[in-house]
There are 2 protein chains.
Amino acid sequence: MAPSRNPQPESSGRSTRQKRSIRQVLANADRPLTPQEILTEAQLDCPGLGIATVYRAIRAWVEDGWIAPVEIPGQPDRFELGGKRHHHHFHCRSCGLVFEVERCDSRVAAFAPPDFVVDDHEILLYGRCASCAS
Amino acid sequence: MAPSRNPQPESSGRSTRQKRSIRQVLANADRPLTPQEILTEAQLDCPGLGIATVYRAIRAWVEDGWIAPVEIPGQPDRFELGGKRHHHHFHCRSCGLVFEVERCDSRVAAFAPPDFVVDDHEILLYGRCASCAS
DNA sequence: GTCGTTGCAAAGCGTTTGCAGCCTA
DNA sequence: TAGGCTGCAAACGCTTTGCAACGAC
């Protein structure tokens, strides 16, 4: 079977207007979003939505694995749909956007000192994206 | 000549007991330290030292280039001596400490999509350090 | 009706800043 | 002595939490 994307969070509790709006925003995004961006976007569909609700939904879905945090040092956390293939990120210093990078070399794990156990790694590339570089 | 470490910050203004203590702590550290760790350590030598003074010294020295920030997503910034050889970091999820990793493979820059210009990269390893793994 | 969920406001946490007094040069 | 430096406390921005009202089931 093809490892298809979870269309919905698994254990999302009750279905509410707020969570539906937030989920929709995340599902439609083509790049990782900050909680503030999610709030602003979701409020278009659900006025009165509070930032606390966004954080609570995010937290629950990260635990679910339905979304995943994208943490760029020095910047607020962003979130994208989880369940994707292992990948990394490219941060354009010109336009500030974050892009996905498909390639990876798991041999980087061997960089750790002897006796250290590596169970995950993150590679961040910095520079200028195609459109900013041209 | 061997590229020796700057023994002192360049433009550190007046010499005070506080800044001497903070500088000493950074110079003697074998791993990146958080402002809080720096404060606690420096207070042994300089009681009454305030956290604001630590932040002010850090900021000035980062601008100097005498120290460099080490930013682990989801954690407070840490600081280490600047001017070191290119290296990366390992974050122990058990004890929370951050260690230096000497090795690197600059081929990771080639992971970016075509037409993207990569001018820097960061590799973060996560797992358990030697003493936590045993 | 139950109890998970929400918005609000307050609390945390790491970091910065305003200010009056201190101390280096 | 002048003006940079310091400690304190308040202010910040982002995130979490306490609480009473709300609403899905």
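Biologist: Let's start with the DNA. What does a polar side-chain atom of Q18(B) lie 2.9 Å from?

Modeller: A sugar or linking oxygen of DNA strand D. Keep in mind that this is a predicted model.

Biologist: Okay, noted. Which part of DNA strand D does a polar side-chain atom of R14(A) lie 2.5 Å from?

Modeller: A base nitrogen. With S15(A), it's a backbone N or O atom that sits 3.4 Å from a phosphate oxygen of DNA strand D.

Biologist: Which elements give two or more residues to the surface near DNA strand D?

Modeller: From chain A there's α3 (51-64), and from chain B there are α1 (17-28) and α3 (51-64). The largest share comes from α3(A), with four residues.

Biologist: Switching topic: helices. At what angle do α1 and α2 of chain A pack?

Modeller: About 115 degrees, and their axes are 9 Å apart. Helix α1 of chain A covers residues 17-28, while α2 of that chain covers residues 35-43.

Biologist: Is the crossing of α1(A) and α2(A) left-handed or right-handed?

Modeller: Right-handed.

Biologist: Which residues meet there?

Modeller: On the α1(A) side you have S21(A), I22(A), V25(A) and L26(A), and they meet I38(A), E41(A) and A42(A) in α2(A). By class, that contact has five nonpolar residues, one polar and one charged.

Biologist: Nice. Now strands. In which sense do β3 and β5 of chain A pair?

Modeller: Parallel, over four bridges. Strand β3 of chain A is residues 88-92, and β5 of chain A is residues 117-128. To see one of the bridges, find H89(A): its partner in β5(A) is L124(A).

Biologist: What about β5(A) and β5 of chain B, parallel or antiparallel?

Modeller: Those two pair in the antiparallel sense, over eleven bridges. If you want a spot to look at, L125(A) has H121(B) as its bridge partner in β5(B).

Note on methods. Residues numbered from 1 in each chain as written. Chains lettered and ligands numbered in written order. Predicted model: local features only at pLDDT ≥ 70, side-chain atom pairs only at ≥ 80, totals over all residues. Heavy atoms only, no water. Axes fitted to C-alpha atoms, helices over the stretch in contact; angles between N-to-C directions. Left-handed = near helix turned anticlockwise from the far one by under 90°. Contact = heavy atoms within 4.5 Å. Nonpolar A, V, L, I, M, F, W, Y, C, P; charged D, E, K, R; others polar. Pairing = 2+ DSSP bridges. Polar contact = N/O pair within 3.5 Å; in protein donor to acceptor, adjacent residues only side chain to side chain.
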